[in-house]
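Try each task before you read on.

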Amino acid sequence: MIEVTRELDTRGLNCPLPILRAKKTLNQMGAGEVLGIVSTDPGSVKDFEAFAAQTGNELLESSEVDGEFHFKVRKV
């Protein structure tokens, strides 16, 4: 199981807010730390894949549970 360092709840927020909040939170974290994110925006799946590819941060996990999207991103 991947240990999450910080959690971010972006339920109810639509693109681009989940990404912007994640970026701001990751900027406050150290390399190797893991951010857990919860979103209700279906577009966030592709958004976080693109975000990881563009920033070099590692998308460790992406899943959907009961209409909520869960992500784990490791800061590089």
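## Exercises on charged pairs and helix packing

E58 is partly exposed, because its relative accessible area is 40%, between the 20% and 50% limits. This is a predicted model.

**Exercise 1.** Find the salt-bridge partner of E58 and say where the two residues lie.

*Solution.* 
- Step 1: Look for the partner. The side chain of E58 meets that of R74 in a salt bridge, at 3.4 Å from N to O.
- Step 2: R74 is in strand β4 (residues 68-74), and E58 is in strand β3 (residues 58-65). They are 16 residues apart, so the pair links distant parts of the chain.
- Step 3: Check the accessibility of the partner. R74 has a relative accessible area of 30%, so R74 is partly exposed.

**Exercise 2.** Decide for K72 and for E61: buried or partly exposed?

*Solution.* 
- Step 1: Recall the cut-off. Buried means under 20% relative accessible area.
- Step 2: Apply it to K72. The value is 15%, so K72 is buried.
- Step 3: Apply it to E61. The value is 33%, so E61 is partly exposed.
- Step 4: Connect the two. Their side chains meet in a salt bridge, at 3.7 Å from N to O. K72 lies in strand β4 and E61 in strand β3, so the bridge ties together parts eleven residues apart in sequence.

**Exercise 3.** Which residues are joined with R11 into one network?

*Solution.* 
- Step 1: Start with one bridge. R11 forms a salt bridge with D9, and their closest N and O atoms are 2.6 Å apart.
- Step 2: Check accessibility. R11 is partly exposed at 41%. D9 is partly exposed at 47%.
- Step 3: Salt bridges that share partners join D9, R11 and E68 into one network.
- Step 4: The structure holds four salt bridges.

**Exercise 4.** Describe how helix α1 and helix α2 pack.

*Solution.* 
- Step 1: Two packed helices are described by the angle between their axes and the distance between the axes.
- Step 2: Read the values. Helix α1 (residues 17-27) and helix α2 (residues 44-55) pack at about 40°, and their axes are 10 Å apart.
- Step 3: The crossing of α1 and α2 is right-handed.
- Step 4: List the contacts. From α1 come P18, I19, A22, K23 and L26. They meet D47, F48 and F51 in α2.
- Step 5: Sort by class. The contact of α1 with α2 has six nonpolar, no polar and two charged residues.

How values were computed. Residues are numbered from 1 along each chain as its sequence is written. This is a predicted model: local features need pLDDT of at least 70, side-chain atom pairs count only at pLDDT 80 or more; totals for chains, interfaces and linings use all residues. Side-chain values use heavy atoms; hydrogens and water are left out. Axes are lines fitted to C-alpha atoms, for helices over the stretch in contact, and angles run from 0 to 180 degrees between N-to-C directions. Helices (H or I, at least four residues) and strands (E, at least two) are DSSP runs, numbered from the N terminus. A crossing is left-handed if the near helix is turned anticlockwise from the far one by less than a right angle, and right-handed if clockwise. Contact means heavy atoms within 4.5 Å. Ala, Val, Leu, Ile, Met, Phe, Trp, Tyr, Cys and Pro count as nonpolar, Asp, Glu, Lys and Arg as charged, and the others, Gly among them, as polar. Buried means under 20% relative accessible area, exposed over 50%, partly exposed in between (1.4 Å probe, protein chains only).
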